[in-house]
Amino acid sequence: MDMSRWIQPKPQSESTEYKIKHYQQEGESTVYVTNQEFPYPDGALIVSRTDLDGIITHANDVFVDISGWTRDEIIGAPHCLLRHPDMPKAPFADMWATLQRKERWYGYVKNLRKDGGHYWVYATVIPNLRQGKVIGYSSIRRKPSREKVNEMSAKYAEMLKSEQEGK
């Protein structure tokens, strides 16, 4: 998929530029990252649905607000639009492998906002089945504990370092 439709504007604040190769996507995208963490609202759930290729077909208001993208921008976008460069490839590969087996996937994810900031989620992704066939995926995300965010930040940093060193 051509990602040029979803060009992230360069933030006004200090940022770092990254080139990202998205899982199962062609080419690279340029993303800008700041150190700003967006607070996940207490009690809120992020809900989205995608088609079989991970293209967003539904986003609730919380998802739209926290992502920083407008509803018109996010519907039709690949879910990898939210991939933060601090995330290693392995969790996404595991997620897709789990979903291909028609099983639920759970995991912690650091997502990238349109403004270069980020937010952490505890995600549950389930395949949507109709008459035994997968027709898409639903994802429900909730606020993770700070303890888990700290634990997963360290774990993902190690995994990312190993990936970059080719281990």
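Buried here means under 20% relative accessible area, exposed means over 50%, and partly exposed is in between (1.4 Å probe, protein chains only). Some notes on the model, point by point.

1. **What we are looking at.** This is a predicted model, so to speak of local features takes pLDDT of at least 70, and side-chain atom pairs count only at pLDDT 80 or more, while totals for chains, interfaces and linings use all residues. Residues are numbered from 1 along each chain as its sequence is written, and side-chain values use heavy atoms, with hydrogens and water left out.

2. **The sheet.** Helices (H or I, at least four residues) and strands (E, at least two) are DSSP runs, numbered from the N terminus. Five strands make an open sheet in the order E4-E3-E7-E6-E5, with antiparallel pairing. At its edges sit E4 and E5 (105-112), each of which pairs on one side only. From one strand to the next the twist averages 30 degrees. (Two strands pair if DSSP finds at least two bridges between them; axes are lines fitted to C-alpha atoms, for helices over the stretch in contact, and angles run from 0 to 180 degrees between N-to-C directions.)

3. **Who pairs with whom.** E3 and E7 run antiparallel and are joined by five bridges; Thr 50 has Tyr 137 as its bridge partner in E7. On E4 (residues 56-59), E3 pairs in the antiparallel sense over three bridges, with Arg 49 opposite His 58. These two strands form a hairpin with five residues between them, and Gly 54 in the turn has a positive phi of about 80 degrees. Eight bridges join E5 to the antiparallel E6 (residues 118-130), where Tyr 119 is the bridge partner of Asn 111.

4. H4 lies across E5 and E6, running at about 85 degrees to E6. What does Trp 96 in helix H3 tie to? Its partner is Tyr 137 in strand E7, so the pair joins parts that are 41 residues apart in sequence.

5. **Aromatic pairs.** The whole structure has three of these. Rings of Phe, Tyr and Trp (its six-membered ring) pair if their centres lie within 6.5 Å; planes under 30 degrees apart count as stacked, over 60 as edge-to-face and the rest as tilted. Trp 96 and Tyr 137 have ring centres 5.5 Å apart and planes at 85 degrees, so they are edge-to-face. Trp 96 is buried at 14% relative accessibility, and Tyr 137 is buried at 5%. Tyr 108 and Tyr 122 are tilted, because their centres are 4.7 Å apart and their planes are at 45 degrees. This pair links Tyr 108 in strand E5 to Tyr 122 in strand E6, 14 residues apart. Tyr 108 is buried at 16%, but Tyr 122 is partly exposed at 22%.

6. **Salt bridges.** Side chains of opposite charge can pair when their charged atoms come close. The cut-off used is a side-chain nitrogen of Lys or Arg within 4 Å of a carboxyl oxygen of Asp or Glu, and the whole structure has eight such bridges. One of them is Asp 42 with Lys 143, at 2.5 Å from N to O. Asp 42 sits in the loop between E2 (28-33) and E3 (46-50), and Lys 143 in the loop between E7 (133-142) and H4 (146-164), 101 residues apart. Asp 42 is exposed at 65%, while Lys 143 is partly exposed at 43%.

7. **Two more bridges.** Arg 113 and Asp 115 have their closest N and O atoms 3.0 Å apart. Arg 113 is buried, at 9%, and Asp 115 is partly exposed, at 36%. Lys 148 and Glu 151 form a salt bridge at 3.3 Å; both are in helix H4, three residues apart, about one turn of the helix.

8. **The one to look at again.** Which opposite charge is nearest to Arg 141? Arg 141, in strand E7, is buried yet has no salt bridge, and the nearest side chain of opposite charge is Asp 61, 13 Å away. (Lys and Arg count as positive and Asp and Glu as negative; His and the chain ends are not counted.) Beyond its neighbours within four places in sequence, its contacts (heavy atoms within 4.5 Å) include Tyr 40, Phe 63, His 79 and Tyr 122.
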